[in-house]
Structure formats: structure tokens, C-alpha cells
Amino acid sequence: MINKKEITQKHVEDFYNRILIVDEGPNKGCWTFNAANDRDGYPYYNFNKKTTRAHRFSYIISNYDKEEKINIIRHTCNNPWCVNPNHLVNGSQQENINDKIKDNRQAKGSKTGTSKITEEQLISVLDKILSGEITKTKQIVTILNISHTNIIDILHGKIWTHVTNNYNLNEIRNKVIQKILTIDEVKDIKKRLLNNQSQRSIAKKYSVDPKTIYAIKNNQSFQNVKI
Ligand SMILES: [Zn+2]
């Protein structure tokens with residue numbers, strides 16, 4: 001299992017630097033991942049000493065902001081070497097429906113009194129995020145003693161909305177959720193750099209360190225991403 005929270009910008013860069021974009025032939029448009037493959041023909045990616053299928057990792061980093069359960073990742077192009085996120089889908093329709101039913105049950109659970117936190121506790125945490133006293137979701141887990149998934153649901157306005165309605169959740173999320181750039185965002189950043197938009201304003205737009213933008217501008221990272 002890949003723990004999303006362990007993924008850093010460095011992993012994403014390392015991953016994208018091993019992609020070859022296929023320009024011609026029957027697999028035109030596919031992105032080949034340069035690595036050894038398992039016996040079913042899927043290339044591996046080594047993530048924090050754990051082997052994972054490369055296309056699965058690609059799907060996860062490309063859909064980093066989406067809150068969804070990752071099922072079996074399937075290819076729409078039938079090319080097991082391909083890691084182009086546009087050729088990947090998450091699970092079967094039935095699996096996705098089952099997950100929604102399960103999620104709904106969980107969401108109701110925390111609204112019907114089974115939850116362990118109070119409105120006051122949540123308000124206190126939200127205020128501490130805004131003041132900069134809390135900077136990581138890990139700290140919220142410790143303080144509220146609820147699961148990371150529940151916290152993410154709260155920060156995305158899925159549960160506890162009677163409290164979070166009074167807050168700008170976008171602003172709150174930007175303060176505590178680590179930002180990972182997707183390939184589409186890197187493309188947009190490259191376009192903005194070409195149009196001479198300032199590195200500082202781009203960094204602000206994407207809530208990343210200006211050094212990240214600097215590295216993209218100077219081809220120190222994401223060299224393979226073409227616009
Ligand atoms: Zn493909």
C-alpha cells in the first residue's frame with residue numbers, strides 16, 4: 001500500500017524523469033516507464049523501499065488532491081508499460097459504487113453521535129491552523145484523536161459542515177496539506193514561465209516553495225515534461 005502522505009515532490013520528479021513519451025506506432029500517446037517489470041508485465045517503481053506497480057503510482061500522484069479509495073488501476077490503452085495518467089482508470093464501476101456506499105455510511109456515523117470530538121475542539125483546531133500554530137495534519141490527528149481520513153473529510157467540507165461553513169476551507173487546506181504538483185500543473189507552470197509570469201506569483205498560485213518553480217525554470221526538475 002502506498003501511503004500518500006509519504007510522497008514528496010522528489011519522488012514525483014524522480015518518477016517523471018523515467019518516463020519516455022511514445023511518439024509513433026500503435027502505442028502512440030503512451031508513456032513508457034523505464035524499469036524492470038514483474039511477471040505479469042507491469043513495470044515496478046520502488047517507493048520508499050516498497051515495490052509498487054508504476055502505473056498505480058502514476059495514478060496516485062496525478063490524482064493527489066482527489067479524495068478517493070484507490071482500487072485496482074486499469075489501463076484503457078491495454079499497454080502494461082504505460083503510465084500516462086490519461087490512460088488509467090481507478091477500479092471497476094461496481095467497486096467504485098461499493099466504495100461510495102461505504103463512505104456514506106462512515107460519513108453518517110460521524111454525524112450521528114459516534115464521533116469523539118466536539119464542536120469546540122474542532123473550532124479550536126481550525127483557529128490554530130489559521131494562526132499558524134498547527135501546520136500539519138499529523139498534529140490534528142494527535143490533538144483530536146480521529147483518523148487522518150476523517151480529518152481530510154472535514155477539511156474538504158464533507159463532514160462537520162455545520163462548523164466548517166464558517167471557515168474558508170481552501171485557505172485552511174493550503175496551510176496543512178502538503179502540495180504535490182501534478183504533470184498538468186507542471187505544464188501550466190512551464191507555460192506561465194514562458195509568458196514571463198513572475199516565479200514568485202506562480203509559487204503563490206500553486207502554494208509551493210519558489211525554489212520549486214526556480215528548479216522547473218532552470219530544467220533541474222521535470223525536464224521530461226513538455227508543453
Ligand atoms: Zn497508454
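## Cores and a helix crossing

The largest nonpolar core has 27 residues, and Phe15, Tyr16, Trp31, Phe33, Phe57, Val83 and Val186 touch the most other members. A nonpolar core here is a set of buried Ala, Val, Leu, Ile, Met, Phe, Trp, Tyr and Cys residues joined through C-beta atoms within 7 Å. Buried means 20 or more other C-beta atoms within 10 Å of a residue's own, with C-beta atoms placed from the backbone.

Keep in mind that this is a predicted model: local features need pLDDT of at least 70, side-chain atom pairs count only at pLDDT 80 or more, and totals for chains, interfaces and linings use all residues. Numbering starts from 1 along each chain as its sequence is written.

Helices (H or I, at least four residues) and strands (E, at least two) are DSSP runs, numbered from the N terminus. The largest share, 5 residues, comes from α2. A second, separate core of 10 residues includes Leu122, Leu126, Ile140 and Leu155.

As for α9 (residues 183-194) and α11 (residues 210-217), they pack at about 75°, axes 10 Å apart. That makes α9 roughly perpendicular to α11 (65 to 115 degrees; axes are lines fitted to C-alpha atoms over the stretch in contact, with angles from 0 to 180 degrees between N-to-C directions).

Note on methods: Angles under 35 degrees count as roughly parallel, over 145 as roughly antiparallel, 65 to 115 as roughly perpendicular and the rest as oblique. A residue is buried if 20 or more other C-beta atoms lie within 10 Å of its own, exposed if 12 or fewer, and partly exposed in between; C-beta atoms are placed from the backbone.
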